[in-house]
Amino acid sequence: MASEFTCRGPRQSDVAGLLDMMSGEGVLHGLTLLPHMGERELGSILAHQRNRRWIVAADGEHVAGYATLEWGEGRWRRSGKFGMAVADGYVRRGVGILLVGEIIRLGFRHLDLQRIELEVYADNAAACTLYERMGFEYEGLKRRVSFRDGAYIDGYSMAILNPGVQVEHVKAPRTLHQLLADAGSRAA
Ligand SMILES: CC(C)(COP(=O)(O)OP(=O)(O)OC[C@H]1O[C@@H](n2cnc3c(N)ncnc32)[C@H](O)[C@@H]1OP(=O)(O)O)[C@@H](O)C(=O)NCCC(=O)NCCS
């Protein structure tokens, strides 16, 4: 079934919507964000595009959620990290599934990553269930990984590996021989 939400890159006009969602109680509880992010801070995070993609899930002009994928360089080139959040008013409407699916497609089908990993608070049952459902597996427990609202909190590391499905090979329509022959006849 087609989603009522659209995935696209972030726009300048999304900044206010992103800031609003990042101040939501549920979002702050699930993310490692410090409360009260400002426009300038978000602007500089969004501007940092090297080895990173932001995806916004939009409901028309409204920001329903976002996800980010970052990947490494050199020997880390095939490894990606992702994070996401869905605005408090949009949870349980399929935005999470849509965004994780888009991140997996971007990572495996466009970047040829071999693994995509994430960290999730151990008490975030909603996110853990979503990631398990999308094929992520637990790789470790990180103790006291963060301090949130007066308490230390453990986290899980999870990852999904590229299943290595047959990657299509879009072949050149002409052989090298044909290309040279065509170029020769054009020159004649
Ligand atoms: C966790 C989060 C991303 C889920 O997004 P969502 O858009 O609500 O998820 P979806 O509607 O796509 O749900 C997909 C599936 O995930 C699971 N799920 C989602 N929310 C759940 C909840 N509260 N309890 C149990 N399972 C849940 C279910 O299996 C659900 O499928 P179903 O609705 O058919 O049962 C969202 O709640 C969120 O952003 N929370 C705050 C920020 C955060 O925690 N980010 C993740 C940091 S690691």
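Visitor: Hi! In E3, which residue is the bridge partner of Arg53?
Guide: That would be Leu69. This is a predicted model, by the way.

Visitor: Good to know. How many bridges join E2 to E3, and which way do they run?
Guide: There are eight bridges between E2 and E3, and the two strands run antiparallel. They form a hairpin with two residues between the strands, where Gly60 takes a positive phi near 60 degrees.

Visitor: What about E1 and E2, how do they pair?
Guide: In the antiparallel sense, over three bridges, with E1 covering residues 6-8.

Visitor: Switching topic: which residues of the largest nonpolar core touch the most other members?
Guide: The core has 39 residues, and those touching the most other members are Ala57, Val63, Ala64, Tyr66, Ala67, Leu99 and Ile103. Elements that each supply at least two residues of this core include E2, E3, H4 and strand E7 (151-161).

Visitor: And which element gives the most to this core?
Guide: H4 does, with eight residues.

Visitor: Leaving aside its neighbours within four places in sequence, what is Leu99 in contact with?
Guide: Cys7, Ile55, Ala57, Gly65, Ala67 and Met84.

Visitor: Now the ligand! How many residues surround it, and which are the closest?
Guide: 22 residues surround the ligand, and the closest are Gly30, Val91, Gly96, Ala126 and Leu130.

Visitor: How do the residues of that shell divide into nonpolar, polar and charged?
Guide: 13 are nonpolar, six polar and three charged.

Visitor: Last one: which element gives the most to the shell around the ligand?
Guide: H5, with six residues. Helix H2 (25-30), strand E4 (79-86) and helix H4 (95-110) are among the elements that each supply at least two.

Methods
Residues are numbered from 1 along each chain as its sequence is written. This is a predicted model: local features need pLDDT of at least 70, side-chain atom pairs count only at pLDDT 80 or more; totals for chains, interfaces and linings use all residues. A residue is near a molecule or strand if its C-beta atom, placed from the backbone, lies within 6 Å of it. Helices (H or I, at least four residues) and strands (E, at least two) are DSSP runs, numbered from the N terminus. Ala, Val, Leu, Ile, Met, Phe, Trp, Tyr, Cys and Pro count as nonpolar, Asp, Glu, Lys and Arg as charged, and the others, Gly among them, as polar. A nonpolar core is a set of buried Ala, Val, Leu, Ile, Met, Phe, Trp, Tyr and Cys residues joined through C-beta atoms within 7 Å. A residue is buried if 20 or more other C-beta atoms lie within 10 Å of its own, exposed if 12 or fewer, and partly exposed in between; C-beta atoms are placed from the backbone. Two residues are in contact if their C-beta atoms, placed from the backbone, lie within 7 Å. Two strands pair if DSSP finds at least two bridges between them.
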